[in-house]
Amino acid sequence: MNNGNELQIAVLAGDGIGIEIMSVCLEVLDMLCRRTAAVKLDVVSMPAGAGYYRDTGTALPQETLEVARRADAVLFGAMGLPEVRTAEGTEIQPQLDLRLALDLYAGVRPIRTIAGAPTPLADPRAAEIDLVIVREQTEGLFSDVGQARVRNDAVAVDRMVISRKGSERVVEFAFKLAEQRKRDGRPGHVTCVDKANVLASTAFFRKIFKQRAELYPEIKTDCMYVDAASLNLVRAPWRFDVLVTENMFGDILSDLCAGLIGGMGLAPSADIGDEHGVFQPCHGTAPDIAGKDLANPTAMLLSAVLMLEWLSHRHGIDALNQAAHLLESAIHRGYSEGAIRPAEFGGPDGTRAVGQKVIELIENA
Ligand code: ATP
C-alpha cells in the first residue's frame, strides 16, 4: 500500500489480444473505482513480451520486473508470439520468468459456469460447475524452461522436478482455499491429480498431499491419475471442488476446464505467492484474432475481480471486495440477461463493446 488508500498496479499488457483486453479492463476498473470510491488505483504500464523481445532482445526488462516487485498487484494481459522463438524453438514467455522471480507458486484457476454463456455439455448439471484448479508453478515439468537441453540434435530432455517444499506449500494453499470455500457453502473437497502409477516424482507429490491432508480432517480428499481426471472433468465436472496438481498437468487441465464453461475468453486466473499476486486470463495471445476487436475481455475482467478480492483480503479493505462483487455480478448479469453477446460465441459484441456493456451494467446496478 502506498499512501492513504492508493494502491499501485503494475500493468503488463504484453502481446496480441493482451493489449486489447487490457485496455478494456483498465477502462472498466477506472470507472468501477470512481463509482465505488473503494480506492484509487495508481496504474503503471510497463513493457514486456515477445514483441518487446523482437525489438530489443529482452522479454522482461529489469525495470519492469522492479516495478512489478514494488507494486501492490500486477495485472497481466498475455505474452508470446508464434513467430518469435528461442533457439530451441519454444516461444518467448516472460510470464514464466515472472512467476519464478516473484515466487508465484500457486496458479489459481477458478472454473465457474456463467449462465447464458454456451457450454458444450448437454447435461443440465453443467450449470453447477464451480471448481478451482490449483497448479504448482515453480517446478514440475516446467523446471527446465529456458535451459537448453537438446543434445547433439539427437535427444531432448525436460526434467520433472517435485520438491517437498514446493509441494507442501501448494498443497497447503489448496487446503486453505477448500476451507475458505467450505465456509462459503462449497463441499470442502481437495482432489490430488498426479500420475503416481508411473512417475515416482508425482507419487512423491501424492505422498506429501496425503501427509498434509491429515492436518485438515474437515476437508474430504481423493487422488486421481491425470488421465482419469481428464475423463471425469468432462463426464462430471460439477462433482469437483478444489484440484491440486503439478505445473504441466495444471496447464493442460486449465484449458480443458475453460472449454467446459464455454471457451478461453471466460477463464480467469491468479498467480499467487506469499508476497505477490499476478492476475491474468488463462488464455494466450490468440494471434489468429489479434488486432480485430474480436477477443472476449471477460476472462481479463474476471481476473481483475480476483485481484480486487486478493487486495481486499491482503489490505483489509472491505470496499475492494464490494467493488469485486459489483464487477462480477455485472458480468454474470450481462450474460444471463443476454446483454453481453461476445463475438467469441458468434455474437455481435467485439472487445470494446463487451467492455462498454459491462460499464453500463455497473452504472445501472
Ligand atoms: P498459449 O499457448 O499461450 O496458451 P495460444 O495462442 O496457443 O496461447 P490461446 O491464445 O490461449 O492459445 O487461444 C487459443 C485459441 O482460443 C485462439 O486461437 C483463439 O481463437 C481462442 N481464444 C483465446 N482467447 C480468446 C478470447 N479472449 N476471446 C476469443 N477467443 C479466444
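## Ligand contacts

A polar contact here is a pair of N or O atoms within 3.5 Å. The model is predicted.

His283 uses its side chain, placing a polar atom 3.2 Å from a nitrogen atom of the ligand. On its own, the ligand has 610 Å² of accessible area, and the protein covers 67% of that.

## Ligand shell

The ligand has 13 residues around it. Those that come nearest are His283, Gly284, Ala286, Asp288 and Asn296. By class, the shell holds six nonpolar, five polar and two charged residues.

## Helices α1 and α11

Helix α1 spans residues 17–36, and helix α11 spans residues 351–363. Their axes come within 9 Å and cross at roughly 10°. Angles under 35 degrees count as roughly parallel, so α1 and α11 are roughly parallel to each other.

From α1, the contact is made by Glu20, Ile21, Val24, Glu27, Val28, Met31, Leu32 and Arg35. From α11, Thr351, Arg352, Gly355, Gln356, Val358, Ile359, Ile362 and Glu363 take part. By class, this contact of α1 with α11 has eight nonpolar, three polar and five charged residues.

Technical notes:
Residues numbered from 1 in each chain as written. Predicted model: local features only at pLDDT ≥ 70, side-chain atom pairs only at ≥ 80, totals over all residues. Heavy atoms only, no water. Near = heavy atom within 4 Å. Polar contact = N/O pair within 3.5 Å; in protein donor to acceptor, adjacent residues only side chain to side chain. Areas by Shrake-Rupley, 256 points an atom, 1.4 Å probe, with all protein chains shown as cover. Nonpolar A, V, L, I, M, F, W, Y, C, P; charged D, E, K, R; others polar. Axes fitted to C-alpha atoms, helices over the stretch in contact; angles between N-to-C directions. Helix = DSSP H or I, 4+ residues; strand = E, 2+ residues; numbered from the N terminus. Parallel < 35°, antiparallel > 145°, perpendicular 65-115°, else oblique. Contact = heavy atoms within 4.5 Å.
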